[in-house]
Amino acid sequence: MAITSPFSYPEEIKDKFIATPGLKFKDGSTVSSAEIWEFMTKEAPRRFPYAFDAGANNMGRFSDDVHFLSGIKRGYLTLTLKDRVMKQHAAGTPTVLVQGGQAMDAYYAAGGIPVRPGLVMQWARNMEEGLSLRQSETLGLNILESGRRKISIDACNQIAAHAAIDNKVVPIDLIAPFLCLRCSDMSFLVETHRNRVHDIPRYLVDYPVDHENKPWAAEYIAVELRELIDKIAALSGRKITDEVLFDEIKLENRGRRIATEIADLWWGAENPPTNSTDFFGIAFLANDFVGDPVAAVDLLEQSKKEIEERIQNNVKGFGVPDHAKRLFICGSCVGPNAHHAQTAGAIFVGRDDSWSCISVPVQEEGDPYLNIAKSMLAYPYEQRTEKRAEWTADMVKRSRADGVIFMYQWGCNYQSGVARMISDIVKERAGVVTTFVEVGELGRSEATEQSTNRVEAFIEMV
Amino acid sequence: MSVKTLDVIRKRLEERPDELRRARENGLKVVGWVGYNVPEEIIHALGFIPVRIAIGGDDRLVEIGARYASSKTCVFIREIVGAFAENQDPYIQQTDILAFDATCLQNYRAAEVIEYFFKKDVVVLAVPRNFHLDEAKEYFAHEANEFTRLLEERAGAPLDSARLAESVALYNDIRKTLKSIYTFQASKDNVISWEEVYDLIQAGDLLDKREYLSLLTQTLDELKERQHHPVIASDDGDCRIFLSGSLIPRGDRKLIGIIRSVGGRIVGDDLWSGILPHLDLDIKEISPAGVALGYLNRTPHAALPYLDLESDRRLKKLQERLSEFKAQGVIYHTLRYCDPFTFKAKETKNVLAKSGIPLLEIHTEYAGSDYEAMKTRVEAFVEMIKIKSEIAEEQGVLVDA
Ligand code: SF4
Ligand code: SF4
């Protein structure tokens with residue numbers, strides 16, 4: 001059986017890479033590009049071999065476009081998350097479990113590090129080093145199964161993050177996500193912690209559904225946000241003023257703005273300037289901030305410069321197929337494998353979930369609590385489904401997509417419930433083909449045939 | 001041990017769809033409501049005919065529903081969606097307006113799917129997750145006003161406070177009478193079974209409210225006449241089962257039938273399709289917000305998360321009812337993909353184990369394929385309880401001797 005050699009960055013790009021700026025962090029420290037290079041070519045392959053597995057089934061595989069240098073730095077931020085969070089945690093920074101697709105401004109401003117379930121699992125898997133992809137997945141699956149045994153087999157794989165917290169694989173100081181942004185499982189999973197031996201404090205920030213033209217919804221969230229910030233600040237010891245909040249809002253707004261500017265540039269380009277992995281990685285940075293908004297925004301700025309240069313020189317991202325079929329991806333917590341799609345002749349040109357939060361900046365004057373609340377309530381993804389689908393159709397047109405795939409996880413009730421509805425509306429309004437796919441693999445890269453086949457068949461049809 | 005009024009009620013239920021059709025021909029409108037915190041008195045006071053849409057037990061409809069709302073939606077909601085797709089249910093056929101609440105997010109999704117695919121006129125009442133906080137109550141008061149405004153638009157007239165007071169009084173009487181009747185089924189030498197009372201409660205979802213109250217009163221009078229002092233206690237050899245968990249709507253009698261067939265006697269429930277929504281509803285102010293808050297302040301539905309186990313009112317209520325009805329074991333019914341109840345099954349089992357009450361979780365769908373497996377498990381559970389109580393009795397005898 002042929003063994004694929006691990007992925008590595010070629011020596012010939014080293015000089016060019018280390019001539020680029022390093023990264024700045026929120027604690028004032030910096031890392032040079034030479035140090036990043038050392039980490040990504042020596043230390044990381046040794047500590048996290050799974051991440052360098054070049055098999056096409058590796059969902060977290062790095063981008064093949066090694067000449068897109070910001071992509072290497074993005075890999076660095078992802079792989080150093082564990083070290084950075086552990087270090088800050090040891091110095092007294094509280095870690096907070098949050099929900100995906102929600103604003104992080106309040107959490108960072110209050111001196112915490114918000115981590116959503118996906119990042120918790122990545123962090124948990126990285127707690128053991130030297131693992132191959134298979135070993136790392138087995139570790140993740142064992143955590144997942146322990147959660148399913150304790151709670152329910154009906155849960156989506158977010159349950160793994162809660163089990164990782166329960167089993168003390170990662171230290172979380174506060175469980176305080178927004179409910180019910182996009183998700184039905186989160187609230188019940190948070191609730192299960194009340195029946196555990198650990199005594200991690202918990203708080204829920206209610207995010208009401210069906211909130212259009214209802215000013216009382218924003219007022220309700222704003223009151224809860226104050227309480228949330230007080231709770232985090234009590235753990236971090238930080239004194240919170242409106243000014244502190246606005247500073248964070250301005251920083252994260254900058255990230256959101258750069259990401260939307262990149263998307264506009266990217267969509268307008270004759271040739272896609274990056275492949276799908278790098279394009280989606282950008283949205284992710286502005287949505288998640290990977291534990292450090294200062295570093296994430298710094299990297300977004302660098303990414304934008306590179307993309308501008310590529311567009312000026314009409315450079316196509318490495319791996320983007322000729323006459324690629326342009327696919328828009330819908331749904332939360334799961335997406336198709338970019339490498340498989342690329343091989344089948346497609347590129348991903350947008351994603352409703354991540355782009356939704358980025359598309360709404362927070363007002364920078366007035367009451368910061370109310371402003372955050374209002375901006376979150378304006379997320380297109382969280383509107384009534386018909387309105388959300390109309391926005392999606394608009395995004396599909398703007399990104400010149402040829403087809404739309406709505407994906408949802410096994411066990412996901414809330415998103416799966418409207419998969420067909422959104423697909424139908426987008427098909428009608430944007431005039432493109434759509435499909436919806438359930439992903440039942442629950443984190444197993446070796447059992448992806450079913451969803452991969454469906455995606456590939458769809459690409460062929462497009 | 002037949003109670004005569006129950007036959008009248010069965011007959012009236014058969015006639016009801018036709019009656020609704022005639023009422024609509026005369027200009028009245030039917031509001032079908034789906035959910036757990038829909039303040040029905042507001043619908044009633046606006047002159048609409050409220051009908052609860054809660055059906056289950058039909059796997060074929062579940063299949064149809066899954067085509068619109070995915071196979072990962074709970075079985076109950078899939079059936080509801082399937083029933084709207086098929087449009088054969090005599091009550092669904094008679095609805096002019098639908099009112100959904102968002103207590104459970106899957107219910108909210110059903111509202112969206114039904115509105116879009118089947119072009120229904122849908123009104124939604126959002127419900128706060130942090131239901132116990134003052135700010136959540138304030139939010140819900142606004143929601144209740146908005147819900148009322150949307151219904152007023154459809155009624156073509158504003159809500160009259162005097163009529164709301166009348167509706168509240170009527171519903172309060174219904175709840176009070178139901179509670180009295182409920183005691184009889186759990187008594188020694190009972191003349192009405194839990195199953196009959198359960199059907200009686202669900203009849204109220206469909207019948208005209210004034211007539212329903214009068215039928216309940218007749219039922220209660222009949223019961224009082226036949227059993228002067230109902231005492232909640234065991235009959236010889238009883239295995240007293242309490243039913244908890246996901247709702248069991250009309251049309252779904254699989255588990256209930258199994259319990260009876262293996263010799264279990266159901267003596268109580270805290271189902272949202274049973275007595276629970278009728279308990280502890282205290283409306284302090286005659287206004288849309290006052291009524292809605294009365295609903296929200298009841299024992300909370302499992303879809304509303306609560307983060308402290310010790311002070312959880314839902315669990316407290318369960319324990320209180322178990323002791324009141326002298327239940328010996330709990331059968332905890334969870335529907336496939338009903339996360340609100342399923343995720344709490346093991347926790348509830350642990351909590352009850354501390355007071356020596358065994359719990360059996362039955363995780364099921366509407367398909368008949370698990371019937372035998374369910375029966376075997378329920379039978380073993382009932383046997384276990386019987387043996388336990390025999391041993392306890394023997395020990396009691398020895399101690400007394
Ligand atoms: S997959 Fe669905 S249910 Fe699970 S965390 Fe994501 S949105 Fe929530
Ligand atoms: S509580 Fe359970 S049965 Fe009821 S709508 Fe929600 S998921 Fe379905």
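Trainee: Which residues does B:Thr219 touch, not counting residues up to four places away in sequence?

Mentor: Please note that this is a predicted model, in which local features need pLDDT of at least 70 and side-chain atom pairs count only at pLDDT 80 or more, while totals for chains, interfaces and linings use all residues. Residues are numbered from 1 along each chain as its sequence is written, chains are lettered from A and ligands numbered from 1 in the order in which they are written, and side-chain values use heavy atoms, with hydrogens and water left out.

With residues up to four places away in sequence set aside, B:Thr219 touches B:Val3, B:Thr5, B:Leu6, B:Ile9, B:Ile181, B:Ile192 and B:Leu200; contact means heavy atoms within 4.5 Å. B:Thr219 belongs to helix H9 (residues 209-226) of chain B. Helices (H or I, at least four residues) and strands (E, at least two) are DSSP runs, numbered from the N terminus. The relative accessible area of B:Thr219 is 0%, so this residue is buried. Buried means under 20% relative accessible area, exposed over 50%, and partly exposed in between, with a 1.4 Å probe and protein chains only.

As for confidence, chain B has a mean pLDDT of 96, and 98% of its residues reach 70 or more; pLDDT is the predictor's confidence in each residue, from 0 to 100. For the complex, the predictor gives an ipTM of 0.95 and a pTM of 0.96.

Let us turn to the nonpolar cores. A nonpolar core is a set of buried Ala, Val, Leu, Ile, Met, Phe, Trp, Tyr and Cys residues joined through side-chain atoms within 4.5 Å. The largest one has 278 residues, and those with the most contacts inside it are A:Tyr9, A:Leu79, B:Phe76, B:Leu243 and B:Val378. Apart from it lies another core, of 29 residues, including B:Leu164 and B:Tyr295.

Helices of chain A also deserve attention. Helix H12 (residues 276-288) has 13 residues and reaches 18 Å from its first C-alpha to its last, close to the 18 Å expected at 1.5 Å a residue; the expected span is 1.5 Å times one less than the number of residues. H12(A) is mostly covered, with 12 of its 13 residues buried. Its N-terminal end is capped by A:Asn275, whose side-chain oxygen lies 3.3 Å from the backbone nitrogen of A:Thr277. Just after H12(A), A:Phe289 takes a positive phi of about 65 degrees. Helix H7 (residues 133-150) of chain A has 18 residues and spans 26 Å from its first C-alpha to its last, close to the 26 Å expected. The buried residues of H7(A) pack against helix H6 (117-126) and helix H8 (159-166) of chain A.

Two loop residues may be set side by side. A:Asn213, in the loop between strand S7 (205-206) and helix H10 (215-236) of chain A, has a positive phi of about 55 degrees although it is not a glycine. Because its relative accessibility is 69%, A:Asn213 counts as exposed. B:Tyr337, which lies in the loop between strand S7 (329-335) and helix H13 (339-342) of chain B, likewise has a positive phi, near 65 degrees, and is a residue other than glycine. At 4% relative accessibility, however, B:Tyr337 counts as buried.

Key
A polar contact is a pair of N or O atoms within 3.5 Å; within protein, one must be able to donate a hydrogen and the other to accept it, and residues adjacent in sequence count only if both atoms are side-chain atoms.
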